[in-house]
Amino acid sequence: MALTPAAGRFQSDEHGEMQGSIAAHLLDAAETDEEQALAHIRSCPSCSELARRLARAAAAVPLSVDQVEPPVDLRARILARCREARSPR
Ligand SMILES: [Zn+2]
C-alpha cells in the first residue's frame, strides 16, 4: 500500500477504524489493537496529527471541571438510602 506524501492516504476503512482506536488509546480506553493503532500513528501523518490534537484535548479534560469536595455526610446519606431501598415494605 503506497503512502502518498501529501495526505498519507491509507485505505479509507483502515484509516477510519484507526481514528477510533487512536481516540480510545489516548483516553486509556483501548482494549484491543493498540499495537496496530500505534503502528498506524507512526506511519500516517494525518493520524499522528490527530493523535497530537486529541492528546492535548484529553490532557485538558481534568482541568475543565471544578474539583469539589463531597459533602461530609454524603456517604452516610447514600448508605441510609440503600438501607431504605432494601428494607421490605
Ligand atoms: Zn491514518
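## Overall make-up

Of the 89 residues in the protein chain, 13% are buried (20 or more other C-beta atoms within 10 Å of a residue's own, with C-beta atoms placed from the backbone; 12 or fewer is exposed, and in between is partly exposed). Keep in mind that this is a predicted model: local features need pLDDT of at least 70, side-chain atom pairs count only at pLDDT 80 or more, and totals for chains, interfaces and linings use all residues. Numbering starts from 1 along each chain as its sequence is written.

The protein chain has 4 helices and 0 strands, running α-α-α-α from the N terminus on. These are DSSP runs numbered from the N terminus: H or I over at least four residues for helices, E over at least two for strands.

Ala-37, His-40 and Ile-41 are the buried residues of helix 2. They fall within an arc of 100 degrees seen down the helix axis, so they line one face of the helix; the arc is taken over directions from the axis to the C-beta atoms. Over on the other side, Glu-35, Ala-39 and Arg-42 are exposed.

## Where helix 2 meets helix 3

The axes of helix 2 (residues 34-43) and helix 3 (residues 45-60) come within 5 Å and cross at roughly 110 degrees. The axes are lines fitted to C-alpha atoms over the stretch in contact, with angles from 0 to 180 degrees between N-to-C directions. The two helices are therefore roughly perpendicular to each other (65 to 115 degrees; under 35 is roughly parallel, over 145 roughly antiparallel, the rest oblique).

His-40, Ile-41 and Arg-42 of helix 2 make the contact with Cys-47, Ser-48 and Ala-51 of helix 3 (C-beta atoms, placed from the backbone, within 7 Å).

Note on methods
Contact = placed C-beta atoms within 7 Å.
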